[in-house]
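Please work through the exercises below with the sequence and the three-dimensional structure at hand. Each task is followed by a solution in steps.

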Amino acid sequence: MENNNISRRDFLKDVGIGTVALGAAAAGCSPKGSRKDDSQAGKMELRTNPATGDKVSLLGYGCMRWRMKRDENGRQVIDQDNVNELVDYAMAHGVNYYDTSPAYLQGQSEEAAGIALSRYPRKDYYIATKLSNFGVFSREGTQEMYYKSFEQLRTDYFDYYLLHAIGRGGIPAFNERYVDNDIMSFLLAEREAGRIRQLGFSFHGMQSDFDDLMKLYDKYHWDFVQIEMNYMDWKHADPRQNTNAAYLYEELDKREIPITVMEPLLGGRLARVPENVSNLMKTRDPDATVASWAFRFVGSHPRVLTALSGMTYMENLVENVNTFSDFKPMNEEELEFMDQLAGLMAEYPMINCNNCQYCMPCPYGVDIPGIFMHYNSIVTEGKMPLNKEQREFRKLRRNYLTTYSKAIESLRQADHCIGCHQCIEHCPQSISIPEELQRIDQYIEKLKQDTL
Amino acid sequence: MLRKIRIILAAVFFIAITVMFLDPTGSIYKCFGWTAKLQFLPAVLGLNLIVIIITVIAALLFGRVYCSVICPLGVLQDIISNISGRRKGKKNRFTSSKEIKWLRYGVWALFVAAIIFGVQAFVSILAPYSAYGRIINAMKHPALPTVIVAAVTLVVIAVLAWRNGRTYCNTICPVGTTLSFFSRFAMFRPVIDTEKCKDCKVCEKRCKASCIDIAEHKVDYTRCVACFNCIDNCKFDAVHYRFAWGKCGKKTVAAPAADDTADTGRRAFMTGAALAIGAAALKAQEVPKRDGGFAEILPKVNPERTELLTPFGSKSVKDFYSRCTACQLCVSQCPNNVLKPSTDLMHFMQPYMTYTDGYCRPECTICSQVCPAGAIEPLTKEEKTSFHIGVAVLDRRLCVAHTDHIDCGNCARHCPTGAITMVTHHEGLPLIPTVDEAKCIGCGACENLCPARPVSAIYVNGLSVHRQD
């Protein structure tokens, strides 16, 4: 399938038909996958995993942010047709790494990925999934989760298997999930048997937590590690909760451990930056999209095997495929420029939320990421009402309140957070969710009562 | 000419009132609020003497112009009747008829009795402006009972208007009958010039009130709504609106009375149900964590309050329900979904106050600004916090401190008057809220934001007479 598409494209190019005609042809007669062929000409950048020889696409598909729709029973389900269409396009353009988890998208991500990918030969793509045994510590329960992933993904081996989100809570937390129940030795045996080709972990936590996990390298021989890396987290991670990606990268590079990257775009936050930052980007290169800077930054580091992007819309996918095809790594000077931008961005009082939805569902119904997203978008747009003396204060106040009530239904607003703290342990960013929600709630209360 | 002036004025009132009801912004009432304040029955029940006097004087001077211009239900009937008259051959479709006295005065007498004895449902159903308000509000906030009542009203009105013009106004409408007592003596009225009249009967056939009798050359001024159709349509210039002084009339006054007590029936059952649901949810098991989505949140049910809540500015439950004419303008304007139409027979279609979907926010005084009946008297934000409309009470068994062992305090955090303090109840257990009755104003922030569902652990009982500091 992939070959067919590529050869057809090459053929058309060779014959010298322009992009316009190509687009028309694609729209007119191609069944799927090549809807926007006109957008791309070059080859997807591939990185080689030295241990296996895997040729992995530098753009990986994060299966965490697909669109959900309501079925006839009002239940939220993944829009499978949409997923198939996206995966078709991705496969046709050389994206061959798909990262999912049993927890993603209310537990539906693996199955949706399985349905979409199983339409292609198994050797044409790499599957990464995780042992997301949150709230499940027993050996039986954990193994059940492991075996279920095979079923969901319609496969008999995983290319990349990750211990999901470890680091926080240090070694005791790690032991509780993987050692005390003897799962770690089980997984090592599975790797031996070839059902797990590469075993690694995804990391969230402080520097000391990471060091502790690295100390286990001799014991477990981590094949790869997944870290949160982008130009903001490179040097501006909150040291009370997270670790600078620069440090993580260096430590892994030293040990020659391949790195898979999550949150290269911070859940879309780096695609929508404050005006002064985007102005600098556009001045430097009027044609480059805001998001492409973030992706190129990540891709410019050679130890990175793949950068995962949770592409919800076809437009995201097309744009990212463009960025990673005929990939141009950043030079020293450009990396320096990104460092400057990060410094500017760090000035904005954003909440570190990447809309990963791990905190959801809140048992009391609060739309935690929705509230944070709204808040961040107001900050990014520079539309935060501060006090009555501010220029256009009334307009900003009205804007804040109306956009808030439109974005979040009243039952799910911040004033319904009762401070039960159940969300805290799920947040990979260690955001003090209840405190932040209550801070926003108090601020909104002042806005409403007009006592700011 | 007179007819055109009447139509323009009627359009202004009709559009203003309709737009105000439908307004989603909550600000149009500032421009158009006066159109509601001029409504006669709300003014009578609110003892708004200025409006009563203006209306009566207008009726004594010009006849029932009120019915043709100010009353939105009257104008609605004109619109329907007009459309009916555009059908082929239906232009001159009315015939002179006699007043149906027994029905007209019978309904009026019952209506006055209903006001005196507090049979609000009867009053609300017949009140013309309120009936119109309910029709519009049912479109804005559709709920089954309100839609049924509004639909029935609309169908009855539409059928009567389609067939016979102003039948409702001249046989049933208590406001029309009341005004007829004055309009019969109106100074200015349409008079038929017998010398010029050729007995062509066009005026009679065009009279939607069916009040012109050409055989006798008489007009029944108790039923004439001063629409001036007869004048504009007379080819012989035989009908004139002119000075014709009569005698003085009488006046009606309403004495309000109502009784409000709520029984405490369902409460025990609902509490039990809530406890059972809470206990079931509490049982924790080894369930894999799934990311995303929303937890299902049970809708809140209105608790059985020992006394009803009525809005800030209504002074007492009795005052509120005896003055309210159930126009539902406050319901349509309430931005916090606190006011809803009641289906209780004692207060049928009048609003009741509930904190299931929101609470009475401290900065909002819209209902008090729009109420045309004085059932909710105008307040400023500052005055609002000096009133006490209810007192919060706690059902400890439902509090999440008790059911889930969670340190919640959401009620205390959101109480605008700081009336709630969290205290230790049992050593080692989370704090529970306590209410300072003197400080609590009854706004319902605690009840609405209480995580206990479907019945809030903390809820507000109304005060039969509101207290002011």
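The exercises treat the fold of each chain, the interface, and selected local features.

The structure is a predicted model, in which local features need pLDDT of at least 70, side-chain atom pairs count only at pLDDT 80 or more, and totals for chains, interfaces and linings use all residues. Residues are numbered from 1 along each chain as its sequence is written, chains are lettered from A and ligands numbered from 1 in the order in which they are written, and side-chain values use heavy atoms, with hydrogens and water left out.

**Exercise 1. State the corresponding values for chain B, including its charges.**

Step 1. Chain B has 22 helices and ten strands, and its C-alpha trace spans about 100 × 50 × 40 Å along the principal axes.

Step 2. Of its 469 residues, 55% count as buried.

Step 3. Lys and Arg count as positive and Asp and Glu as negative, while His and the chain ends are not counted; each charge is placed at NZ of Lys, CZ of Arg, CG of Asp or CD of Glu. Chain B carries 54 positive and 35 negative charges, whose mean positions are 12 Å apart. Chain A has 51 positive and 64 negative side chains, with the centres of the two sets 4 Å apart.

**Exercise 2. How many residues of chain A are in contact with chain B, and what area do the two chains bury?**

Step 1. With contact meaning heavy atoms within 4.5 Å, 40 residues of chain A meet 27 residues of chain B.

Step 2. Buried area is the accessible area (1.4 Å probe) that two parts lose on being put together, summed over both. Chains A and B bury about 2,800 Å² between them, 52% of it on carbon and sulfur atoms. Q106(A), Y364(A) and I418(A) supply 19% of the area that chain A buries against chain B, more than any other three residues.

**Exercise 3. Is S300(A) buried or exposed, and where is it found?**

Step 1. S300(A) is found in the loop between helix 14 (290–299) and strand 12 (304–309) of chain A.

Step 2. Its relative accessible area is 15%, so S300(A) is buried.

Step 3. Not counting residues up to four places away in sequence, S300(A) touches F327(A), P329(A) and M330(A). In helix 14 of chain A, ten of the ten residues are buried, W293(A) and F295(A) among them.

**Exercise 4. Which backbone features are found at P361(A), P454(B) and D182(A)?**

Step 1. The peptide bond from M360(A) to P361(A) is cis, with omega near -5°; P361(A) lies in the loop between helix 16 (332–345) and helix 17 (368–380) of chain A.

Step 2. The bond from R453(B) to P454(B) is also a cis peptide bond, with omega near 0°.

Step 3. D182(A), a residue other than glycine, has a positive phi near 65°. D182(A) is partly exposed, with a relative accessible area of 42%.

Methods:
Helix = DSSP H or I, 4+ residues; strand = E, 2+ residues; numbered from the N terminus. Buried < 20%, exposed > 50% of the residue type's maximum accessible area, 1.4 Å probe, protein only.
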